[in-house]
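Visitor: I would like to learn how to read a model like this one, feature by feature. Where do we begin?

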Amino acid sequence: VSPDTARQRIRSRLAGATDASDATPELVEPALGRRDPWPGAFVVDTGTDPPASLAAAMEPILAASAHP
């Protein structure tokens with residue numbers, strides 16, 4: 001997700017006070033520099049409804065398993 005989306009999600013979780021995460025918006029920037037490259041990864045838009053996100057995540061997995 002984009003840094004702005006990550007910060008917004010963290011703010012929403014903090015406002016709801018129901019999430020166990022102790023992440024704060026200030027942690028987004030330092031975390032960006034700590035990600036390892038992942039050449040086989042693919043992007044899944046998690047800003048849509050959960051069934052659409054799941055379908056998007058499953059598509060490349062199913063395609064790969066159909067063509068081993």
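Guide: Begin with phenylalanine 42. This is a predicted model. Phenylalanine 42 has 41% relative accessibility, so it counts as partly exposed. The residue sits in the loop between helix H2 (28-32) and H3.

Visitor: Which residues form a nonpolar patch on the surface?

Guide: Phe42 is one of them; Leu54, Met58, Ile61 and Leu62 are the others. Together they have about 460 Å² of accessible area. To join such a patch, a residue needs over 30% relative accessible area and no salt bridge. Phenylalanine 42, at 41%, is above that accessibility cut-off.

Visitor: Now H3 itself. What should the 17 residues of helix H3 span, and how far apart are its end C-alpha atoms?

Guide: Take 1.5 Å a residue, and helix H3 (residues 50-66) should span 24 Å. The end C-alpha atoms are 24 Å apart, so the two values agree.

Visitor: Where does H3 bend, and by how much?

Guide: The bend is at methionine 58, by about 30°. Proline 60 follows within four residues. Methionine 58 also belongs to the nonpolar patch.

Visitor: On to charges. How many salt bridges does the count give?

Guide: First the general idea. Side chains of opposite charge can pair when their charged atoms come close. Here the count comes to 2 salt bridges.

Visitor: Which side chain meets aspartate 4 in a salt bridge?

Guide: That of arginine 7, at 2.8 Å, N to O. Both residues lie in helix H1 (residues 3-16). They are 3 residues apart, about one turn of the helix.

Visitor: What does arginine 7 touch, not counting residues up to four places away in sequence?

Guide: Pro25, Val28 and Glu29. With glutamate 29 there is also a salt bridge between the side chains, at 2.9 Å, N to O. Glutamate 29 lies in helix H2 and arginine 7 in helix H1, so the pair ties together parts that are 22 residues apart in sequence. Glutamate 29 counts as partly exposed because its relative accessibility is 48%. Salt bridges with shared partners join Asp4, Arg7 and Glu29 into one network.

Visitor: Where does alanine 17 lie?

Guide: Alanine 17 is in the loop between H1 and H2. Its relative accessible area is 65%, so alanine 17 is exposed.

Note on methods
Residues numbered from 1 in each chain as written. Predicted model: local features only at pLDDT ≥ 70, side-chain atom pairs only at ≥ 80, totals over all residues. Heavy atoms only, no water. Helix = DSSP H or I, 4+ residues; strand = E, 2+ residues; numbered from the N terminus. Expected span 1.5 Å × (residues − 1). Bend = angle between axes of the 7 residues up to and from the residue. Patch = residues over 30% accessible without salt bridge, like charges linked within 9 Å, V, L, I, M, F, W, Y side chains within 5 Å. Areas by Shrake-Rupley, 256 points an atom, 1.4 Å probe, with all protein chains shown as cover. Salt bridge = Lys/Arg side-chain N within 4 Å of Asp/Glu carboxyl O. Buried < 20%, exposed > 50% of the residue type's maximum accessible area, 1.4 Å probe, protein only. Contact = heavy atoms within 4.5 Å.
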